[in-house]
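Please keep the viewer open while you read.

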Amino acid sequence: MQRTQIGPWEIEYDREATRTAYARMKPYGCTCAYCRNYVANVSSLPDAVLQLLDNLGIDPAKPTEVFTYGMSNLLEYNGFYHLVGKCAAHALQWLSVAERFEVGFTQNIDMQPDEISPEQTLQMEISFQLPWLLDDPYTE
Ligand SMILES: [Zn+2]
């Protein structure tokens with residue numbers, strides 16, 4: 001386990017074990033337009049976001065879950081990724097990692113992935129505002 005401080009969270013994590021888990025995960029399952037738009041955005045996320053995910057061993061194209069609320073120009077996405085790690089209990093709060101990109105960490109796990117053992121799972125919550133990149137028209 002490695003240690004890092006991210007905002008208020010003191011995190012222990014295992015980058016290699018997380019990378020191994022993500023390599024075994026299937027591509028993100030939902031094929032609705034909102035989810036495809038999320039995956040279309042991952043290669044152009046801000047460097048600070050991509051670097052954070054990479055440091056933790058997370059593949060940005062494989063969130064456990066994302067969901068969105070329509071907005072005028074940008075779509076607000078919430079969701080979460082999982083990683084091998086732990087952090088001390090902390091009330092959920094948001095840390096801005098780039099303009100319009102916030103994350104938080106919690107040990108309250110939603111949708112435990114099969115690829116990571118439950119005792120070792122840490123959840124990273126996301127709140128990202130992303131543009132619509134698909135050719136398909138955006139419909140509410
Ligand atoms: Zn979907």
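## Terms and ground rules

Two residues are in contact if their C-beta atoms, placed from the backbone, lie within 7 Å. Helices (H or I, at least four residues) and strands (E, at least two) are DSSP runs, numbered from the N terminus.

This is a predicted model, in which local features need pLDDT of at least 70 and side-chain atom pairs count only at pLDDT 80 or more, while totals for chains, interfaces and linings use all residues. Residues are numbered from 1 along each chain as its sequence is written.

## How confident is the model?

The predictor's confidence in each residue is given as pLDDT, from 0 to 100. The chain averages 93, and 98% of its residues score at least 70. Helix H1 (residues 15–24) has the highest confidence, at 98, and strand E3 (residues 65–69) the lowest, at a mean of 91.

## Overall build

The chain has 3 helices and 7 strands, arranged along the sequence as β-β-α-α-α-β-β-β-β-β. Its radius of gyration (taken over C-alpha atoms) is 15 Å, close to the 14 Å that the globule rule (2.2 Å times the number of residues to the power 0.38) gives for 140 residues, so the chain is as compact as a globular protein of that length. Along its principal axes, the C-alpha trace spans about 45 × 30 × 25 Å.

Of contacts between residues at least 6 apart in sequence, 64% join residues at least 24 apart.

## Strands side by side

Two strands pair if DSSP finds at least two bridges between them. Strand E1 (residues 2–6) runs antiparallel to strand E2 (residues 9–13), with 5 bridges joining them; Ile 6 has Trp 9 as its bridge partner. The two strands form a hairpin with 2 residues between them, and Gly 7 in the turn has a positive phi of about 55 degrees.

Now follow strand E4 (75–87). E4 pairs with E2 in the antiparallel sense over 3 bridges, and Glu 12 stands opposite Lys 86. E3 is also antiparallel to E4, through 5 bridges, with Phe 67 opposite Asn 78. Strand E7 (121–130) is joined to E4 by 10 bridges, again antiparallel, and here Val 84 faces Thr 121.

A residue is buried if 20 or more other C-beta atoms lie within 10 Å of its own, exposed if 12 or fewer, and partly exposed in between, with C-beta atoms placed from the backbone. Buried residues make up 25% of the 140 in the chain. A nonpolar core is a set of buried Ala, Val, Leu, Ile, Met, Phe, Trp, Tyr and Cys residues joined through C-beta atoms within 7 Å.

The largest such core has 24 residues, and those with the most contacts inside it include Tyr 13, Tyr 77 and Ile 126. E2, H1, helix H3 (47–56), E4, strand E6 (101–106) and E7 each supply at least two of its residues, with the largest share, 5 residues, coming from E7. Leaving aside neighbours within four places in sequence, Tyr 77 is in contact with Tyr 38, Val 66, Thr 68, Ile 126, Phe 128 and Leu 130.

Which residues of H1 are buried? They are Thr 18, Ala 21 and Tyr 22. Seen down the helix axis, the buried residues of H1 fall within an arc of 95 degrees (taken from the directions from the axis to the C-beta atoms), so they line one face of the helix. These buried residues pack against E2, H3 and E4. On the other side of H1, Glu 16, Ala 23 and Arg 24 are exposed.
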